[in-house]
Each structure stands twice: as C-alpha cells, then as structure tokens.
Amino acid sequence: MPPDNLIKSIRTVPVSKKRQSADFQFFVNPVLGGSEQSKSDVQLQTQRLAEQLKCDDVVNEISIGEGRVNFTIHQELLTKSVLQQVFKDGSEYGIKSELFGGLPRRKILIEFSSPNIAKKFHVGHLRSTIIGNFIANLKEAIGHHVTRMNYLGDWGMQFGLLGAGFQQLGSEEKLKSNPLQHLVEVYIEANKAAEEDETIKKMAQDFFRKLEAREEEALALWQRFRDISIEEYVKMYQHLGVYFDEYSGESFYQEKCQEVLKVLDTKGLLQKTEEGTGIVYLSEKGDRSYSAVMRSDGTSLYITRDLAAAIDRMDKYDPDTMIYVTDKSQISHFQQLFQILKLLGHKWAERCRHVPFGRVQGMKTRKGEVVFLEDVLDEACSMALERMASTKTTKELVDPLETAQRVGLAALIIQDFRGLLSSDYQFNWDRVLQSQGDTGVFLQYTHARLHSLEEVFGKVSQVSHIDPACLQDPQAVSLIQHLLRYDEILHQSSQDLQPKHIVLYLLALSHLAAAAHKMLPVKGSVPELAEARICLFQAARTALANGMKLLGITPVTKM
C-alpha cells in the first residue's frame, strides 16, 4: 500500500464530552481493498492486526473498534509533540503535514466575484467574492500556484443605453464625486426615457453598434466607465481583504466568439432552428437537449463568450484546474459549457469545476432592504462599534473603526461559511453579532483574549524546556487533542472546497480555549506551570489565527 494511502487511513479522534477512548484510529477496510470485503472479514483482519501490534514508548494502549484499530499515545509525549509542531511550523501549522506531503503542485485558475461594471457592488456578489477568496487562500497555502480572475460583466446592450444616456444626462462633476452612484442614476433615467421615447431607444442601439464597431469616441467613453468601476471595486475589495491577479471581462471575447462559432460549424456541431438561432445538441447519444450559442442575427450569447474565455485561459495560463464560483442558478449553464468544450475535443474540460452557492435571504439594514454591499459592510461595522462600546471588557483601542470593520467582516464571513455552500440561509443581524454564540465575533474575541495573555505574561519562544506534566488537566488534554486534528480539517476542506469544516473546527477550538482559560489560570500559578499554560494558549492562538486568515478574516489583537 502506498505510504500516502496509509497516512490517509489513520485519523485523529474528535474531542467529545465523553472520556476520550483513543487519540488515533487506523481504518482497516481501505488497506484490504475497500468494499469487496464483508463486515465480518474486515473485523477478523482488524482483530488479527491488533494482536500483532505491541505498545511501546509512544503507544500506551491498543484496542479495536468496528473496522478500526484504536491507539492511545502517552499523554505527555503527545502534548510535547503537538506543541513542538505548532511552534516549529508557526503560520504554516497544519499545512506542513504528511497529508499534503506528496501533493503535486498545480496551477489553479479561480474565477470569482465578477460584478457588472457601471453598477454599485451588489450584495449578491458578496458570497462569490468571499468563497472564491477562501478557495484561493487555501489552495495557495497548500503550495499551488493560483491565478485569481475577476470576469466582469462589461458588455451588452445596457452599455448602449448607459453611453447614450450619459451623453444626454451625464455630469462630469457628479461622475468625479460619486462615480458609480451617478452612473446608476443615469442608467435608471435613460432606461425610463427609452420606454417612453423611441428616439432614446434608437440612440442607445446606435451607441452599442458603434461600440461593437470599435468606434473611437464610443469606445473611449465605455473604457472610462470600465476603469472607474474597477477603481471603485478595488476600494471595496480592500475592505474585504481581497485582490485579483487579472480583471478580465466579456468585452475581451467579442471577436473570439466568432472563432468559436466557426469551429462549432466546421465540426458539424452548430445547428440552426427555424428562427435561425444557432444551437448545439449536448448529447452524442441522440438526446435532443441543446444549448443556444448564437442569436438569429449572428451575434454571440453569454455561453459563447464563456466558451471563448475558457479556451483563451487554457491557452494563456495552462491551468491544471479551472474553478468557477457562482450562485447555484448557473449550475445548468456550467454543465452545458463543460459539455460543449468536451464536444469540441477539449479533454481539459474534465478539469473544470463549478462551485455553486445558495442565496442569502433577509439581508437588510435597520433602515430596510439592502441592495448594495457597502451598506451591509457599514452596518456590520457600526453595529460592531455599538456593541464594543456597550461591553465593559472592551479595551481602549488605537483604531476602534478598523477593529470594528474587522470584527464586522468576520461576523459576515462566519455566518456565510457555517453551512454547506450550496444551501440558502436566512440572514439575522442579532445572531451574526453575538459575542458568545458560534459567530465571527466570538472567534475575534477569543483571539484578542489569547493575545492579551501573551502581552501581559510574555510570549514563549521555545517548547523544549516546557514540562508536559503541567498540562495534563482535562481542559489542556482536550485542547491538545483538538490541535492535533487541524491538518485533517484542512485536508478535508481542500478536497471538497467547503469552508464549514474549518469554521466548525475554529469554533470548537475557541470553546475549548475558553474552558481552559477559565480553569487553568496563568496569574498566580507557579512559574513552571504558568509558562506551560501560556505555551498551550499561544499554540491555540496560532492555530486560530491560521484558520481565520484562510477564511479571509484578519484577526484582531484587542477588542
């Protein structure tokens, strides 16, 4: 059996309120070739294997369970080993694990966020942005080369309306003072005027025709809208702690779309309906399901631009995997996209992956319904400030606003990441900002509290002289056993791209740290015991900070 598979058959035992039965479990079935074996055969092999194993200086006890051999490690040795590993690996704790050891380094391209230009950042884009950022952070931490791509909605008839509208109704002064707000107002006004006046509608069509023909004046105005939008979005992304390696967009693929349509036609894949719409039948087995790829006037559709973009990215970046992060209403779109790529003969379509997510319901400020993300971030920040001001334990902060922004963002991210990404969820401000529940505020509070211990009592620089016998209380043992599991949790998230595993792990870590902090005081303890406890809390804070950063949260040191 390959060593990598053997390592993956060994798992740590999750911490529970019951007495811990073991530290590690070795699952026998994968070693025997999986499901081919009957339950009784597996149990017999488990029994035989356990009989051949002996306790030694590392293993204290060996027992069997259903299809598994349980190992209990000498507690003091386990304590010392875990603490040494955390201190040695520091910010890479959990990543520098045998689970990731034999992993080939890949090139991964992730498309996420993707707002429509000349519009304010809609709250609907929050999920795509933070989920894509999490996946990019995790893949990068593991050692993959990640390209973060923002594929903007920057083309289409609406820009004809906006361009013509701006020429009639636009104000340079308003465009400078509040760019996106002004463009939204112009678009709404122009749209309303076009419904009532055919002349305005014709002007919009003319403007878009000039855009398509790459006429200089129209193109310059459109480029200005695009540049202004990106400039404003970058400010929003900075608030979210997100960045991109490339801002692409639908506009890049107008000409390449025609090349895709030609190839589809040459390969006999492009068919015409009676109305003249270009379609591609998706199945080679006679199934009549199809995808429309061309309007009857010969112009491209959204899926055609996505086909051109996928082929272009593969040529340019040669990624091993391409990941698209969008809401689940686009599942069918991506199934069709990947299938057409396969029909075109692109075997790499197998390496494309869609990560769908559910809808957020009820996200509104205290004033009412929310549309724009900046309103949600402002609300999270102001509510965090209010709650911090009303809490007796709040420390005096150098920059209360920055702390409140980080706490507010953590609250939004943890609320979002607690369940399966594909699930819809109901947003609730009171639940999101609780400091004692399973929230982002609780994680930030725990991190700040652990950090303050280091400030008051000093940091431990090395573990070698720490006496593990000082850390055998039940609360310390539970914390050590939980720290032991961190790499498995990261590995699980790296496989299914679900952040909830890390979120639940960090919340459990924070509860265990809170229980240990309550029962294992540093103040008033003899120096040897105090230093051992500081060492334990420092290790817990390291793992907590590492996990928070992967999720896209900047840990605060005071609150």
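Guide: The chain has 21 helices and 16 strands; helices (H or I, at least four residues) and strands (E, at least two) are DSSP runs, numbered from the N terminus. This is a predicted model, in which local features need pLDDT of at least 70 and side-chain atom pairs count only at pLDDT 80 or more, while totals for chains, interfaces and linings use all residues. Residues are numbered from 1 along each chain as its sequence is written, and side-chain values use heavy atoms, with hydrogens and water left out.

Visitor: What share of the residues in the chain is buried?
Guide: Buried residues account for 50% of the 559 residues. Buried means under 20% relative accessible area, exposed over 50%, and partly exposed in between (1.4 Å probe, protein chains only).

Visitor: Why is Ser113 called buried?
Guide: Its relative accessible area is 3%, and the limit for buried is under 20%, so Ser113 counts as buried. Ser113 is in the loop between β5 (107-111) and α5 (125-142), and has a positive phi of about 75° although it is not a glycine.

Visitor: What makes Ala118 buried?
Guide: Ala118 has 5% relative accessibility, and therefore counts as buried. Ala118 lies in the loop between β5 and α5; its phi is positive, about 65°, although it is not a glycine.

Visitor: Why is the pair Glu111 and Arg313 called a salt bridge?
Guide: A salt bridge is a side-chain nitrogen of Lys or Arg within 4 Å of a carboxyl oxygen of Asp or Glu. The closest N and O atoms of Glu111 and Arg313 are 2.8 Å apart, and the pair forms a salt bridge. The pair links distant parts of the chain, with Glu111 in strand β5 and Arg313 in helix α12 (residues 302-317), 202 residues apart. Glu111 is buried because its relative accessible area is 6%, and Arg313 is buried because its relative accessibility is 2%.

Visitor: How many salt bridges does the rule give?
Guide: The count comes to 19 salt bridges. Another one joins Glu350 and Lys342, at 3.8 Å from N to O. Glu350 has 59% relative accessibility, so it is exposed, whereas Lys342, at 37%, is partly exposed.

Visitor: How do you know that the span of helix α10 agrees with expectation?
Guide: The expected span of a helix is 1.5 Å times one less than its number of residues. The 25 residues of α10 (residues 216-240) should therefore span 36 Å, and the end C-alpha atoms are 36 Å apart, which agrees. Gly241, whose phi is positive, near 70°, follows α10.

Visitor: Why does helix α14 pass too?
Guide: Its 17 residues (373-389) should span 24 Å, and the end C-alpha atoms are 24 Å apart, so the two values agree. The buried residues of α14 include Leu373, Val376, Leu377 and Ala380.

Visitor: Why is Glu196 called exposed?
Guide: Glu196 has a relative accessible area of 66%, and exposed means over 50%, so the label holds. Glu196 lies in helix α8 (residues 179-196).
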